[in-house]
Protein chains: 2
Amino acid sequence: MTYCVGMRLDAGLVFLSDSRTNAGVDQIGTFRKLNVFENPGDRMMVMMTAGNLSISQSIRQLVNDFTGSSGHSIRTAPNMYEAARIMGEAVRTVHEREAKALADFGIEFNVSIIFGGQVRGERCRLFQIYSAGNFIESHSENTYFQIGEAKYGKPIIDRVVTPATSLDEAAKCALISMDSTLRSNISVGLPLDLLVYENNSLAVTRFVTVDEKNQYFQMIRSTWGQQLKTIFEGIEAPQWDAMPSPAQPVRMPLPDTVTPGSASPAPLQSVAQQFASRQQ
Amino acid sequence: MTYCVGMRLDAGLVFLSDSRTNAGVDQIGTFRKLNVFENPGDRMMVMMTAGNLSISQSIRQLVNDFTGSSGHSIRTAPNMYEAARIMGEAVRTVHEREAKALADFGIEFNVSIIFGGQVRGERCRLFQIYSAGNFIESHSENTYFQIGEAKYGKPIIDRVVTPATSLDEAAKCALISMDSTLRSNISVGLPLDLLVYENNSLAVTRFVTVDEKNQYFQMIRSTWGQQLKTIFEGIEAPQWDAMPSPAQPVRMPLPDTVTPGSASPAPLQSVAQQFASRQQ
């Protein structure tokens, strides 16, 4: 599996991906899922993929010089919306090529893409593109997209990130979100690709590949876990008396055949007999 | 959907369930998913269910006085393992009755059960039972089971709970895990049923139904979120210089048709033409 998260902040964009792929537990590999389409001074775009690796690699290859029905490629599209449409068309082109052959082997055409960036003259934009080539765009109430194993790392983002969050803070949150995912799901793995893009720089602002030796990520892993335990311990234990609950649990009634307070043996009756008696 | 978690600690058992069910966004209801089979002094068992509500209600009804192939019911089973087998047989019996008719409407026979408790003379035990009636038991390295929307609330349990955790601390952790789930997934909802069972009491030790007005849960919701933000802010921002990364992102090469630093228009070519030229 995969975990990728992309965030669109007032200050720019943050992208983080893991690099584990697996096709069964004995076929685990490391593949980079974060790809940059950059023409410094003109545009900077990032595509992160989850799903079937052969499909996402085909799309990545195709879209690099793919001309959409508008006559543009993502390299020449006048804005990010047009680029997302071209990406969607590339997904559909790969679908036409591959889906039937995959279906013959019972393999679903399954890919999801986070695609974001900036074209000169326009603001930063962030999209999520589906297997069918359709897509949605982030907005200020929904400022991030996740693909792959998204759920483990969602709560911390929901609690912390808003459009006003700085790029550094957002990158920190993305790394904590990834840490939670790594701990709870073995199919997501290091190294990580972390890319930070500052508004209007029209080139990659910062990029790091985070592996086991990365001291900042090591610090996050240990500090976050420890401090979480500290605040957990600091929260008072349930005060049962302060939670008066007139409600009772759903107690299933004791069957007549069972003596309260002791287990009387049930009559010996086979399942078949029981069935027969129920059907009478 | 549903979120339920059951934990087996050295000190006893903790069960927590939400109460939301939905069949489409316009059919949302409140149903209790935590059910108690209790015969004080002899045994205390809890069953929590996720999946298709009609199936889980059928199983709950059937298993209350269902006699398994061993001649025992869960009310008379000599131990929890035998009771779990009987629960599995009840699942299979409902499957025989219902699965075909459901399949005609494209509905999967989908149910998962957390089942735990104590029978006099034996220790506490905790099981997860699948749609096929097969089951697994918790052990000290895997001290909890979750069903339903499990992922959002998994990281905090993984970080905090061990068999040595006290019942109060485990209940607190279960409530925090539920809070994270409630925030990130609209299909999980209040009120919650929380049941705590202390070893060898052979009756429900503590039970509360937690609704919006529950002050302890209100305190957890606000305190946890606030303190999480505080420790988040306390972790230093990424030190980019301290993360030297010789690695570069995967940059897709600029096609020859594009001038570095500016977007030269791509030749106007339709998708069909492009396809044709690719196939030559």
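Two strands count as paired if DSSP finds at least two bridges between them. With that noted, I looked up strand S6 (residues 43–51) of chain A and strand S7 (residues 111–119) of chain A, and found nine bridges joining them, with the strands running antiparallel. In this pair, A:Met45 stands opposite A:Gly117. I keep in mind throughout that the model is predicted.

**Confidence**

I checked the scores next. Chain A has a mean pLDDT of 88, and 89% of its residues reach 70 or more. Residues 266–272 of chain A fall below 50, and this stretch has 14 contacts in the model beyond near neighbours in sequence. For the complex, the predictor gives an ipTM of 0.76 and a pTM of 0.81.

**Chain A overall**

I counted six helices and 13 strands in chain A. The chain has 280 residues, of which 47% count as buried. I also looked at contacts with a separation of 6 or more in chain A: 63% of them are between residues 24 or more positions apart.

**The sheet that takes a strand from chain B**

I then looked up the link between strand S13 (residues 250–251) of chain A and strand S5 (residues 34–39) of chain B. Two bridges join these strands, which run parallel. A:Val250 stands opposite B:Asn35 in S5(B).

I picked out strand S1 (residues 3–9) of chain B, which five bridges join to S10(B) in an antiparallel run. Within this pair, B:Cys4 stands opposite B:Ile147.

**The contact between the chains**

I took the contact residues per chain: 86 residues come from chain A and 86 residues from chain B. Helix H5 (residues 215–234) of chain A gives the largest share of the side of chain A that touches chain B, with 11 residues. By class, that side has 38 nonpolar, 28 polar and 20 charged residues.

**Symmetry**

I asked how chain A can be laid on chain B. A turn of 180° with a shift of 0.0 Å along the axis does it, at an RMSD of 0.0 Å. That is the relation of a two-fold axis. In chain A, the C-alpha nearest the axis belongs to A:Tyr152, at 2.3 Å from it.

Last, I compared the interface residues of the copies. Of the interface residues of chain A, 100% are also interface residues in chain B, so the copies meet through the same surface.

Definitions and conventions: Residues numbered from 1 in each chain as written. Chains lettered and ligands numbered in written order. Predicted model: local features only at pLDDT ≥ 70, side-chain atom pairs only at ≥ 80, totals over all residues. Contact = placed C-beta atoms within 7 Å. Helix = DSSP H or I, 4+ residues; strand = E, 2+ residues; numbered from the N terminus. Nonpolar A, V, L, I, M, F, W, Y, C, P; charged D, E, K, R; others polar. Least-squares fit on C-alpha atoms with pLDDT ≥ 70 in both. Buried ≥ 20, exposed ≤ 12 C-beta atoms within 10 Å, placed from the backbone. pLDDT = per-residue confidence, 0-100.
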